[in-house]
Amino acid sequence: MRSAVSYVMASSVFGLFRRFERPFLEHIMQDHVSRPSVENSIAAQKNAVGQPVRRKEDDTLVRGKGQYTDDFSLPDQAYAWIVRSSHPHGIIKGIDTKAARAMPGVLGVWTGHDFAKADYGPYTCAIPLKSRDGSSLLQTNRIALMTDKVRFVGDPVAFVVAETATQARDAAEAVVLDIEPLPAVTSAEEAAKPGAPQLYDHIPNNTALSFYSGDTEKVAAAFKSAAHVTSLDIINTRLVVAAMEPRAALASYDKTSDRLTIQVPTQGVAGNKLNLAKNIMKVAPEKLRLITSNVGGSFGMKNVNYPEYVCILHAAKELGRPVKWTDERSTSFLSDSHGRAQDVRAELALDKEGNFLAIRVTGYGNLGAYITGVGPLPLSLNIPKNIASVYKTPLIEADIKCVLTNTTLMGAYRGAGRPEANYFLERLIDRAATEMGIDRIALRRRNMVKPSQIPFAAASGMNYDSGDFPAVLTDALKLGDYQGFAKRKRDSKKNGKLRGIAVGSYLEVTAPPGAELGKLEFNADDTVTLVTGTLDYGQGHATPFSQVLSDRLGIPFDSIHLHQADSDRVHNGNGTGGSRSITASGMAIVEASALVVEKGKKAASFVLEAAEADIEFKAGRFSIAGTDRGIGIMELAKKLRDDAPKGDDVPASLDVDHVTAPVPSTFPNGCHVAEVEIDPDTGVVQVVRYSGVNDFGVVVNPMIVAGQIHGGVAQGIGQALMEAVSYDESGQPITGSFMDYAMPRAGDIPLIETGDHPVPATSNPLGTKGCGEAGCAGSLSTIVNAVLDALSDYGVTHIDMPLTSERVWRAIQNAKQAKAS
């Protein structure tokens, strides 16, 4: 196991080495070794796979030189403002735009009826989910601007374009909406009941999907035979995604080519472009170009197309002018997809020795008012797929109704069902351990899949190809100083504080198999451009991707550029999401590199006048076997470019354009340890220690991986302790801004220590496993279970997230009163 502290020390030592690098090299160099070859070797080692190389983009972003969508403008551009419903549910009787059209600077006002002639397609969910009876998911077929009903506060009904953003906003406020209010429902459980307000005539009881997975009879038999059953009713709170950069978009239309262009933050340009062109705008894919510049966070929310994009594309074409739209924070709380939002009963059946017999999850997922993107997936399929975790539970059953409500639509949020499933299970394990009088660590060990059992066919239907879960647990207990907790608890008690600790394991199934682009372009300036279909919205792709490419082809690290931003160049790929990037793009890089070597051997055989079979490739150099004759890869690329050798067997360049076969899912896993202190007089919870050991297979860049863990843990702390979207009984949102919606600050996050216990994946050539969502998966259960451990002296066994100071204080007071009575 390696600690994150060791990475920092290694970086410092390497920095010290660099100060003395040149005189040291001069001392060791022999006559037959040139200075550049030694320096290149040192540079290659410094930037090799496994090294904590600093992110390439940091200098640009930290200096404020990043370019986000709203930073771009086009000549003669106009500005759009969206008119939204203030009613959670109602019939649209009329929209009066006359006054708005007459206001200064207004170029146009459009409603959904104006879009009818354009015949734009609806927003749907393409995931082939089935209900228990075999019927398909019932689509809501959302359109860009509603014409019949509004279904949540924030529903777009019209938009205005004007010369300035202020003029557009002023005119939008002059649009008069005549909406006949209807009863609203915000709870999924209530919405599924007979007699509840109906959002759609074709979706009875608002239930778009009755998801089921499992074997009813076998699971029922397991629970019937169980020596003990633990049950928990759990609310998984609805969250605002709250990316640092609000959504924005800039659209233009070229009449000569009849081509639309939109610049918009996404998580992958190829897929979003294809969906927007083919399914929504209904134009040939080559007639639409999608560009994504720097993206200030997304967490799943920006990986779908939204109504605002159709609006400004329509206006740009009709007006013949570019149109920009930029959201504000208050409206983004309404218009951006939300995350989580489940109410479930989770049950765990055990035999008398504490062996897991079956897991059962029943309940409701809140879809919001519309189904788009992957909305139902985190609420349904991803629960049974991930709840098996690192344990050998033989049976899993999930029975979840995905229900429409008069709330903001649901989407992916960091983990998208993975942290939720892990949370349900780890909460059950701690509760079962208490109820059965079994040590909670021993209970986990007893049920873990052993290394000797791998490959392991989990009850989730997944086949684990690698992992050493018991060893990860052992390392985590050591890193978190679990044995020293008793002393720290006594110290906290002396200071009038309660202290609790929790240990939680997790395993995630990363994104389902999908192809990925690996395009390599050798440029005239002696650089190489890697084009791939994932997209960096904060992960730091340029550095680890360059490390992999440099390792494979010996191309200087600083000579590699990454391009993911333009659909004209990124013609394939499945974007970033589900912790897939390093595995998918990594596989694309490895396979593309092999093709470059193949082409290079043909070219080198021509240049070096040798048989192709005699050409070898190593460390960026093609050479004739058994001789010192050779040529570097960059020199060869230049020779092909400049000299243009002739011959059918001689490639014109080393460039390749390659798309992989579907890249398999991986199974990142780990074990996290959290400690909290609670002030019993105020209920304030503070996370005072946090550590985690993770198995991400081969770690390409440990510094970036540690950063991903830190970010995920911070978001987990936010959900566990403070974040929650609330609606009142009429369907009006209560949490409409950061004045009402708490977010974690730097002072809420402890120092986080991470360690690795890598077991390389066998399913991809790099041996990597995804890491982007693991922090959330590990932190939710450990934070909540640590709080409950601290409150155990009062007999408190359950509190739903968020564990605010008011909720914790009230739980303590209620427990005191119950004990006194």
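Predicted model: local features only at pLDDT ≥ 70, side-chain atom pairs only at ≥ 80, totals over all residues.
Visitor: Which residues touch the most other members of the largest nonpolar core?
Guide: A nonpolar core is a set of buried Ala, Val, Leu, Ile, Met, Phe, Trp, Tyr and Cys residues joined through side-chain atoms within 4.5 Å, where buried means under 20% relative accessible area, exposed over 50% and partly exposed in between, with a 1.4 Å probe and protein chains only. Among the 131 residues of the largest core, the ones that touch the most other members are Tyr-464, Leu-721 and Leu-791.

Visitor: Which helix gives the largest share of this core?
Guide: Helices (H or I, at least four residues) and strands (E, at least two) are DSSP runs, numbered from the N terminus. Nine residues make up the largest share of this core, and they come from helix α21, residues 774-790.

Visitor: How many residues are in the second, separate core?
Guide: This second core is separate, and its members include Ala-78, Ala-144, Leu-260 and Ala-277. Its number of residues is 52.

Visitor: In what order do the three strands of the open sheet stand?
Guide: Two strands pair if DSSP finds at least two bridges between them, and two bridges join β3, residues 90-96, to β5, with Ile-91 standing opposite Lys-149 in β5. The edge strands, each pairing on one side only, are β5 (149-150) and β7 (176-181). The pairing is antiparallel, and the order is β5-β3-β7.

Visitor: What is the volume of the largest cavity?
Guide: On a 1 Å grid over the protein atoms alone, a cavity is a set of points where a 1.4 Å probe fits but cannot get out, and lining residues have an atom within 4 Å of a point. Grid points are joined across faces, edges and corners, and a volume is the space filled by probe spheres set on the points. By this rule there are five cavities of 30 Å³ or more, and the largest has a volume of about 80 Å³.

Visitor: Which residues lining the largest cavity are the closest to its centre?
Guide: The lining divides into six nonpolar, six polar and one charged residue, where Ala, Val, Leu, Ile, Met, Phe, Trp, Tyr, Cys and Pro count as nonpolar, Asp, Glu, Lys and Arg as charged, and the others, Gly among them, as polar. Of the 13 lining residues, the closest to the centre are Thr-510, Ala-511, Arg-580, Val-663 and Pro-664.

Visitor: What is the omega of the peptide bond from Ile-454 to Pro-455?
Guide: Pro-455 lies in the loop between α14 (440-447) and β17 (456-457). The bond from Ile-454 to Pro-455 is cis, with omega near 10 degrees.

Visitor: Is Asp-119 buried or partly exposed?
Guide: Asp-119, found in the loop between β4 (106-111) and β5, has a positive phi of about 55 degrees although it is not a glycine. Because its relative accessibility is 46%, Asp-119 counts as partly exposed.

Note on methods. Residues numbered from 1 in each chain as written. Heavy atoms only, no water. 1 Å grid on protein atoms, 1.4 Å probe; cavity = no way out; pocket = protein on both sides within 12 Å on 5 of 7 lines; lining within 4 Å.
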